[in-house]
Amino acid sequence: MTPETMMYIDPHIHMTSRTTDDYARMRDAGIVAIIEPSFWLGQPRTQVGSFKDYFSSLLGWERFRASQFGIKHYCTIGLNSKEANNEALAEQVMELLPLFVLKEGVVGVGEIGYDDQTAAEDKYYRLQLDLAKEVSLPVQIHTPHRDKKAGTIKSIEVALEHGLQPHMVIVDHNNEETVKDTLDGGFWAAFTIYPNSKMGNERMVEIVKQYGTERIIVNSSADWGVSDPLSVPKTALLMLERGISKEDVRLVCYQNALDAFGQSGQMKESDWLKQVTIDQRDKFSDNSILRGGQAPVVGEIVSTNLLEDNIVQ
Ligand SMILES: [Zn+2]
């Protein structure tokens, strides 16, 4: 067992809300690629221009910021369930989506689905399923945190009703109550590891022991709330400690995410295996990540991975 050689993908993390310290720690822990789903920002947006700039920043500035720490950044584009409830605005966002979903580095339509399971959420979820099908992109489904089991089953049923192939659908935020339905349907089952609550990494170890590794994916969903951008490498180390094989850990913390989102044709391993150097002298629209007097890091990235005593349970 040599954790030093492990590479990880976090296929659900909102880096817009995180700092450069997080990027540095993530790369050091072995995270080589991430996917940032479009989401709600905490405060509701009031204008379509805010969505346009947000989508553009995921494709531009945030991708650049990640590159400065040697991490490949991809995103999924979509209208989140919460803001689907502002129908006047949602209509305008729907017009915007076709302009963004086919851009380079967009690996899916997401995160979409249900929050309170309202009629408006249902309407825009269905419209975006049709969009994903039309452009042959995977779908990243946010399942509701309240009434989770019914909401997950409904998400799956509606996806099938709209003709989505299960292998093109990543169902996120699963737990012990939903995993069987998700896997039995042939869908990808993603799990978010929340610190101190809901799905903890101890529970994730038990799920992998019970259900195996096929179509199971681990992510952090770290955002502007209490969350941990190192959830994936920490869970991986705990799995190794608890006797899960290195190959099984590689599947649920790396390969399965690549296989699922790689179906977009926009994400492949050579993207990060080839690019092993960074140059923090680079700029994006004249902006650098550095502040006065800081020495840029230039050269090869070497990750040390996490030390065992960094594991937080
Ligand atoms: Zn999210």
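1. Helices and strands here are DSSP runs, numbered from the N terminus; a helix has at least four residues and a strand at least two. By that naming, serine 221 sits in the loop between strand E8 (216–219) and H9. Keep in mind that this is a predicted model.

2. Look at the backbone of serine 221. Its phi is near 50°, a positive value in a residue other than glycine. Is serine 221 buried or exposed? A residue is buried if 20 or more other C-beta atoms lie within 10 Å of its own. Serine 221 has 26 C-beta neighbours inside 10 Å, so it counts as buried.

3. Now take serine 136. This residue is not a glycine, yet its phi is positive, about 55°. It belongs to the loop between helix H5 (119–135) and strand E5 (139–142). The cut-off for exposed is 12 or fewer C-beta atoms. Serine 136 has 12 other C-beta atoms within 10 Å, so it is exposed.

4. Check one peptide bond as well. The bond from glycine 110 to glutamate 111 is cis, and its omega is near -15°. Glutamate 111 is placed in strand E4 (residues 106–113).

5. Next, a helix pair. The axes of helix H9 (residues 231–241) and helix H10 (residues 246–261) cross at roughly 155° and come within 9 Å. Angles over 145 degrees count as roughly antiparallel, so H9 is roughly antiparallel to H10. Their crossing is right-handed. On the H9 side, the contact uses Val232, Thr235, Ala236, Met239 and Leu240; on the H10 side, Lys246, Val249 and Cys253. By class, this contact has 6 nonpolar, 1 polar and 1 charged residues.

6. Another pair is helix H2 (residues 48–59) and helix H4 (residues 87–100). Their axes lie 9 Å apart, at an angle of about 30°. Under 35 degrees counts as roughly parallel, and therefore H2 and H4 are roughly parallel to each other. H2 passes H4 in a right-handed crossing. Val48, Phe51, Lys52 and Phe55 of H2 meet Leu89, Gln92, Val93, Leu96 and Phe100 of H4. Sorted by class, that gives 7 nonpolar, 1 polar and 1 charged residues.

7. Finally, the core. In soluble globular proteins, nonpolar side chains tend to be buried together. Which members of the largest nonpolar core touch the most other members? Of its 75 residues, they are Val139, Val169 and Ile217. H10 supplies the largest share of this core, 9 residues. Leaving aside neighbours within four places in sequence, valine 169 is in contact with Val139, Ile141, Ala159, Leu164, Phe187 and Trp188.

Conventions. Residues are numbered from 1 along each chain as its sequence is written. This is a predicted model: local features need pLDDT of at least 70, side-chain atom pairs count only at pLDDT 80 or more; totals for chains, interfaces and linings use all residues. Axes are lines fitted to C-alpha atoms, for helices over the stretch in contact, and angles run from 0 to 180 degrees between N-to-C directions. Angles under 35 degrees count as roughly parallel, over 145 as roughly antiparallel, 65 to 115 as roughly perpendicular and the rest as oblique. A crossing is left-handed if the near helix is turned anticlockwise from the far one by less than a right angle, and right-handed if clockwise. Two residues are in contact if their C-beta atoms, placed from the backbone, lie within 7 Å. Ala, Val, Leu, Ile, Met, Phe, Trp, Tyr, Cys and Pro count as nonpolar, Asp, Glu, Lys and Arg as charged, and the others, Gly among them, as polar. A nonpolar core is a set of buried Ala, Val, Leu, Ile, Met, Phe, Trp, Tyr and Cys residues joined through C-beta atoms within 7 Å.
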